[in-house]
Amino acid sequence: MSEQRTEISFECTAAETAVLDGYCHAKNIKRTVVMRQLLREWSEMKLHEATIVCRVAGIKPETVGVDRE
């Protein structure tokens, strides 16, 4: 079973693209591989940070907003 995917589109400068393309050429990989890895690592870091903040603050994320109407 594969995960559902969402398309993300954005613009960047010519210099940023040149660096990305140079890196991809040197590693013989596609841009998509690099961008997915960056997003995956960033997402894991942000989830970890949020988990630590919730633990320290005594918040259980799975119960937040349960009583909201």
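At 43% relative accessibility, Arg-31 counts as partly exposed, a class lying between buried (under 20% relative accessible area) and exposed (over 50%), computed with a 1.4 Å probe and protein chains only. This is a predicted model, in which local features need pLDDT of at least 70, side-chain atom pairs count only at pLDDT 80 or more, and totals for chains, interfaces and linings use all residues. Residues are numbered from 1 along each chain as its sequence is written, and side-chain values use heavy atoms, with hydrogens and water left out.

The whole structure contains two salt bridges, each defined as a side-chain nitrogen of Lys or Arg within 4 Å of a carboxyl oxygen of Asp or Glu. In one of them, Arg-31 meets Asp-21 at 2.6 Å, N to O. This pair links distant parts of the chain, ten residues apart: Asp-21 belongs to helix α1 (residues 14–27) and Arg-31 to helix α2. Helices are DSSP runs (H or I, at least four residues), numbered from the N terminus. Asp-21 is partly exposed, at 29%.

## A pair within helix α2

Lys-46 forms a salt bridge with Glu-49, with the closest N and O atoms 3.2 Å apart. Because the two residues are three apart in helix α2, about one helical turn separates them. Lys-46 is partly exposed, with a relative accessible area of 34%, and Glu-49 is partly exposed at 35%.

## Ala-50 and Pro-61

Ala-50 also lies in helix α2 and is partly exposed, at 38% relative accessibility. Its C-alpha is 9.4 Å from that of Pro-61, eleven residues away in sequence.
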